[in-house]
Amino acid sequence: MLKGLLSVLLVLVALSSVMGKLEKTTAKKEKRIPQTLSRGWGDQLIWAQTYEEALFWSRSKNKPLMVIFHLEDCPHSQALKKAFAEDKDIQKLVDEEFVILNLVYETTDKHLSPDGQYVPRILFVDPSMTVRADITGRYSNRMYAYEPADMKLLLSNMQRALKFLKTEL
């Protein structure tokens, strides 16, 4: 009886091994882009899934929140995303000092659209849940808009958000 059970067990192990190899060889060969919360803004970064989750992380970690509003089919958003993802200084600072969220939809919080609902725009929120309306880009008609050429300004504004965190909270 024991020999019979061992034989059945051995056959099952062999079958599962063969089936696993078959699945691997018959898998699709096409290259697939991983779907992450980063949406291409920095795949190695840890991204919040929702605004509420981001606020919770910001408060619990005592880090400022950076919210990026964009659209997948917007050429301005795509250009900013590429510049953001390729800037090593920004990626490093975001990774170490910020809670980050990127949204392809508007939130119900009116404070996150102080001068309109346009994309791309980047806003900073303190752990006290105060939207930093005083940290703006270089455009007077779209105060929170950034372009690929504005990466130094964005980095400077990120450092300002950190400075405010240390001096005001």
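**Briefing: fold, cores and a buried arginine**

Of the contacts in the chain with a separation of 6 or more, 70% join residues 24 or more positions apart. The model is predicted. The chain carries 5 helices and 3 strands. Their order along the sequence is α-α-β-α-α-β-β-α.

**Burial and surface**
- The chain has 169 residues, and buried ones make up 38% of them.

**Nonpolar cores**
- The largest nonpolar core holds 24 residues. M66, F84, F98, F124, L154 and M158 have the most contacts inside it.
- Two or more residues of this core come from each of β1 (65-69), α3 (75-86), α4 (88-97), β3 and α5.
- α5 gives the largest share of this core, with 7 residues.
- A second core is separate and has 19 residues. Among them are Y51, W57, V99 and L101.
- In soluble globular proteins, nonpolar side chains tend to be buried together.

**F98 in the largest core**
- F98 is among the residues with the most contacts inside the largest core.
- Beyond its neighbours within four places in sequence, F98 contacts K63, P64, M66, L93, F124, M158, A161 and L162.
- Three of these partners, M66, F124 and M158, are also listed among the residues with the most contacts inside that core.

**Helix α4**
- I90, Q91, L93 and V94 are the buried residues of α4.
- These buried residues pack against β1, α3, β2 (99-103) and α5.
- At the start of α4, a side-chain oxygen of D87 comes to within 3.1 Å of the backbone nitrogen of D89.

**R132, a buried arginine**
- R132 sits in the loop between β3 (121-125) and α5 (151-168).
- R132 counts as buried because its relative accessibility is 8%, and buried means under 20%.
- Leaving out residues up to four places away in sequence, R132 touches F124, D126, Y144, F164 and E168.
- The side chain of R132 makes a polar contact with the side chain of D126, at 3.1 Å.
- R132 and A161 are 29 residues apart along the chain, and their C-alpha atoms are separated by 8.0 Å.
- F124 is a contact of R132 and also a contact of F98.

Key: Residues are numbered from 1 along each chain as its sequence is written. This is a predicted model: local features need pLDDT of at least 70, side-chain atom pairs count only at pLDDT 80 or more; totals for chains, interfaces and linings use all residues. Side-chain values use heavy atoms; hydrogens and water are left out. Helices (H or I, at least four residues) and strands (E, at least two) are DSSP runs, numbered from the N terminus. Buried means under 20% relative accessible area, exposed over 50%, partly exposed in between (1.4 Å probe, protein chains only). Contact means heavy atoms within 4.5 Å. A polar contact is a pair of N or O atoms within 3.5 Å; within protein, one must be able to donate a hydrogen and the other to accept it, and residues adjacent in sequence count only if both atoms are side-chain atoms. A nonpolar core is a set of buried Ala, Val, Leu, Ile, Met, Phe, Trp, Tyr and Cys residues joined through side-chain atoms within 4.5 Å.
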